[in-house]
Amino acid sequence: MKLSVKDLPVKDLLARSLPLFSYRCLPLTLLALLLAACAVNPVTGQRELSFISQSEEVAMGQQNYAPTLQSQGGKYQVDPGLTEYVNRVGQRLAAVSDRQLPYEFTVINNSVPNAWALPGGKIAINRGLLLELNNEAELAAVLGHEIVHSAARHGAQAMERGMLLQGVLVATSVAASNSEYGNLITGGAQLGAQLATQRYGRDAEREADTYGIRYMATAGYDPAAAISLQETFVRLSEGRESSWLDGLFASHPPSIERVNNNRALVAQLRVEGISGGELGEQQFREQIGFLQEMQPAYQAYDEALELLRADRAEAAMDKIDTAIALLPREARFHGLKADIYLYQRRYQAAIAQYDQALERDDAYFDYYLGRGLAYSREGDRTRAQADLQASVDLLPTATAMNELGALAQARNDRQAAKQYFSQAASAQGPIGEQATAAYIRLDIEDQPAQYIETSAYLDNEGRLLARINNRAPIGVSELLIEFTVQLDGRTSSRQRRLSTLAAGQSLVVDSGLSLPATTATALPAAVRVLSLRAR
C-alpha cells in the first residue's frame, strides 16, 4: 500500500563549501580548464569559476521547475489572482536586477513558510510564508533575496563546487526531503529538489540580502521592510516553530548579524539619498485577504495530516471534512481525504475521492499516484498503469516506480519490471528496500553468476568439489550446478542440484568426479550455476 506519511524522511541536506587546495596538485588539463572557466559574476562583479553557461542555467531551471513545484506541494490553484500578484511584484524587482533572466514566480500550495530559487530565475514562495508577511515591501524583500540567488549564480556555484569536489564535470543529484515525498523522488527530478532545498553559505546569504535590498529600493519599495522582515524571522527562530525550522530557516537561517547588516545597508542608502519608498500595506492585505479568510480550512487540513501521521485516521477524516466544508473547491483537501480512504484500504471510496481532487486540479501528481495504487489494489491493472504513468510524468517517485514494477512483473515483462525496480531502489527507506529486493529476485534468476560465487577445487583424495557462496541478500532454491572438466583433450560435464541456499550461506558440493593428483596445481575444471529460483 501507499507509504504512510509518518514514514517520510525530514530535511537533512547541507551545502558543501569549496575546500582550499593547491593548484600544483591539479592535473594540467584540469588547471587549464579552471583558467578558461573564469568569468565575472553579473551581480557582484567579482571574478569566479564558471563551468555552467547562462543557457545551461536557464535550461536547468526550465527542466526542473515543474517537477520541483510538484515535489513541494504543487501550484496554489484556488486563488490564481494571488500568483498573478506575486508575479507582478517579482517582475517589478526582476526588471531592476543586474542580470536579465526569464524570471518566473509561483505560489506553492504548502503551509510551511518557505521560498526558494532555481538557476535561471525560477522562483517559488509557499502560501504559508505569505501569511507571515505584513506588506508588499516585505514580500519584495523575500522575492528580491531569491532573485539574487538566481542572478548571482548561487545555485550554479553550488553545482560547480560539487563538480570540483568530484573531479568531474558532472553534478550529483541527491534526493531532497523537504517535501511530503522527500527521498522518494527519483531520477532527474532529484536535482531540482536538491537545488530548491539547499542551504547557502553565509557569503551567499549576505549577497542575497545586500543586493536584494538594493533591488527593492531601486524598484520603489521601502528597504526598511527588509529589516522588519529579518527581525520577525529572528523572533520566530528563537521560538523554534517547527514549520519554520522545516522551511525557510533550514535553507535561509536568520541571525542578529543579518538584521544588523540590513540596518546598516538601509542607513547607507539613506545617506545616498534613497529615502522613503512604498510599503504597500493595503494592496497586500487585499491580495491575501482570501487566503487569510480560508486559513481555518488550511489549519484543519494541516491538523488532519498530523493526525494521519499519528495513525488516527478517523480523527483525521473529521478534520478534513471540516476543511472541505469551509473550502470545497480546494483539490488538496479532497486528495487528503482520498489518502485516508486508501490508508483504510477503502479503495473504491478512495478512487471516487481522487476523482473529486482531479476534477479540481488535474495537474498534481499525487492524485494520479493515489488513484493508481487504489486501482492496482482493486485488480484494474490497465487503469492503474495509466494513472501511475501520469504521476511519473509529473514527478517520478519511488512509490510509483515500485508499483509499476509490480504491474510489469504481473504481466511477465521481466525487463520492464527490473527497470522500474532499479529506479525505485535509489530511494531511501522501506520503499527503496522493497524495490531492491524485488529487483534482486528477478535479476538473480537472469544473472545468477552476479550473485552466486563458485570456485572448484580438489580435496586430498582427488575429488572435484565446489564451494558455492550466496552473496545476495535473499535466499535461493533449486540451484542447478554444472561442473566442466577438460582432460586428455576431452571435455566432460556433470550436473548437481542444490535444494536451498540461504542468504550469505556457503556450501560445498561434490561433483562425483575424481581427477589425478597431478592436476591439483593446474585444475582443468570449472563450475557455474546454470539456473536457480529466488525465494
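## Exercises on ring pairs in a predicted model

In the protein chain, take the contacts between residues at least 6 apart in sequence: 66% of them join residues at least 24 apart. Keep in mind that this is a predicted model.

**Exercise 1.** Work out which kind of ring pair Tyr-65 and Trp-116 form, and where the two residues sit in the chain.

*Solution.* Let's start with the count: the structure holds seven aromatic pairs. For Tyr-65 and Trp-116, the ring centres are 6.1 Å apart and the planes meet at 80 degrees. Planes over 60 degrees apart count as edge-to-face, so that's what this pair is. Next, the location: Tyr-65 belongs to helix 2 (residues 54-72) and Trp-116 to strand 4 (residues 115-118).

**Exercise 2.** Decide whether Tyr-65 and Trp-116 are buried or exposed.

*Solution.* The cut-off for buried is under 20% relative accessible area. Tyr-65 has 5% relative accessibility, so it counts as buried. Trp-116 comes in at 1%, so it's buried too.

**Exercise 3.** Find which residues are linked into a cluster by ring pairs.

*Solution.* Follow the ring pairs and you get Tyr-76, Tyr-298, Tyr-301 and Phe-333.

Key. Residues numbered from 1 in each chain as written. Predicted model: local features only at pLDDT ≥ 70, side-chain atom pairs only at ≥ 80, totals over all residues. Heavy atoms only, no water. Contact = heavy atoms within 4.5 Å. Phe/Tyr/Trp six-rings, centres within 6.5 Å; stacked < 30°, edge-to-face > 60°. Helix = DSSP H or I, 4+ residues; strand = E, 2+ residues; numbered from the N terminus. Buried < 20%, exposed > 50% of the residue type's maximum accessible area, 1.4 Å probe, protein only.
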